[in-house]
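The following note sets out several points on the structure shown below. Please read each point with the model open beside the text.

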Amino acid sequence: EISNRSTTILKLKANIKLKSCFLCEENSSLFIISDIGRIIKLKITESDYPCMGKLAQGTSIIKLFPGESIVKVLNIDEKVIKDLVLITNKNSFIKYNTEEIKTSKKGELGTIGIKFKDTSKMKNRVINSFIINKYVYVETDKKNYKKLETNDIIKSPYCKEKKLNLNLNNNEFIKSIFSIILPENN
């Protein structure tokens, strides 16, 4: 029966906010990417992540370092091998094959996806990540919008940090990225 009443599906502790949610299939992989370049890949199984009652508080799956934050969470079917791309605010990227990223268990540190050497005032950080498709755009801190040439990313080697083919001004940084999935014409 459909009604207009809302229901609680998760009980949150004080000062905790829900950022996003999505459906995960059994035996798929959950990828958590942090702004310091950590990638945590978790296999979704009923035994590790059982269904809970609607007043449960959930399970803790990652311990963040001081100042670290989660920038993206993706769910990928294990039968589908994809290219996962991490984008930094300083105009660089690194690409990984999702199948080759080590699977972690709850509470483990995961994989260091990118090692930052830059310790300048404007710290180098991962600002987002995405699965490659044709329509990916960046927004800079100067309110400029640019389309990424994903062919350059597709052709680049795995596990190697490279510069994006974007003409940014001095002291201009990537603020965010967004990906648009358009329906394919049959």
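1. Strand β2 and β6. Strand β2 pairs with strand β6 (residues 103-104) in the parallel sense, over two bridges. Strands are DSSP runs of E with at least two residues, helices are runs of H or I with at least four, and both are numbered from the N terminus. Two strands count as paired if DSSP finds at least two bridges between them. In this pairing, Lys41 stands opposite Thr103 of β6.

2. Basis of the model. The model is predicted, so that local features need a pLDDT of at least 70 and side-chain atom pairs count only at pLDDT 80 or more, while totals for chains, interfaces and linings use all residues. Residues are numbered from 1 along each chain as its sequence is written, and side-chain values use heavy atoms, with hydrogens and water left out.

3. Other partners of β2. Strand β7 (residues 111-112) also pairs with β2, here in the antiparallel sense and over two bridges. The bridge partner of Ile39 in β7 is Thr111. Strand β1 (residues 29-34) runs antiparallel to β2 and is joined to β2 by five bridges. Within this pairing, Ser29 has Lys43 as its bridge partner, and Ile32 stands opposite Ile40. The hairpin of β1 and β2 has three residues between the strands, and Gly37 takes a positive phi near 95° there.

4. Cover of β2. How many residues of strand β2 are buried? Five of the six residues in β2 (residues 38-43) are buried, and the strand is described as mostly covered. Buried means a relative accessible area under 20%, exposed means over 50%, and partly exposed lies in between, with a 1.4 Å probe and protein chains only.

5. Cover of β1. Strand β1 is largely enclosed by the rest of the structure, because six of its six residues are buried. In a regular strand, side chains alternate between the two faces of the sheet. In β1, Ser29, Phe31 and Ile33 are buried on one side, and Leu30, Ile32 and Ser34 are buried on the other. Strand β1 is also joined to β3 (residues 70-76), which runs antiparallel to β1, by six bridges. Lys72 in β3 is the bridge partner of Ile33.

6. Glu139. Is Glu139 buried or exposed? This residue of strand β9 counts as buried because its relative accessibility is 10%. Its side chain makes a polar contact with the side chain of Tyr145, at 3.3 Å. A polar contact is a pair of N or O atoms within 3.5 Å; within protein, one atom must be able to donate a hydrogen and the other to accept it, and residues adjacent in sequence count only if both atoms are side-chain atoms. Leaving aside residues up to four places away in sequence, Glu139 touches Asn144, Tyr145, Phe173, Ile174, Lys175 and Ser176. A contact means heavy atoms within 4.5 Å.

7. Positive phi values. Most residues other than glycine have a negative phi. Lys143 is not a glycine, yet has a positive phi of about 65°. Lys143 lies in the loop between β9 (136-140) and β10 (145-147) and is exposed, with a relative accessible area of 52%. Asn171, also a residue other than glycine, has a positive phi near 60°. The loop between β11 (162-163) and β12 (174-179) holds Asn171, which counts as exposed at 60% relative accessibility.

8. The chain as a whole. The chain has one helix and 12 strands, and its elements run β-β-β-β-β-β-β-β-β-β-α-β-β from the N terminus on. Along its principal axes, the C-alpha trace spans about 55 × 50 × 35 Å. Of the 186 residues, 35% count as buried. Among contacts with a separation of 6 or more, 69% involve residues 24 or more positions apart.

9. Surface and charge. The chain exposes about 12,700 Å², of which carbon and sulfur atoms supply 52%. Accessible areas come from the Shrake-Rupley method with a 1.4 Å probe, and for residues only the protein chains shown count as cover. The mean positions of the 33 positive and 21 negative charges are 6 Å apart. Lys and Arg count as positive and Asp and Glu as negative, whereas His and the chain ends are not counted. The place of a charge is taken as NZ of Lys, CZ of Arg, CG of Asp or CD of Glu.
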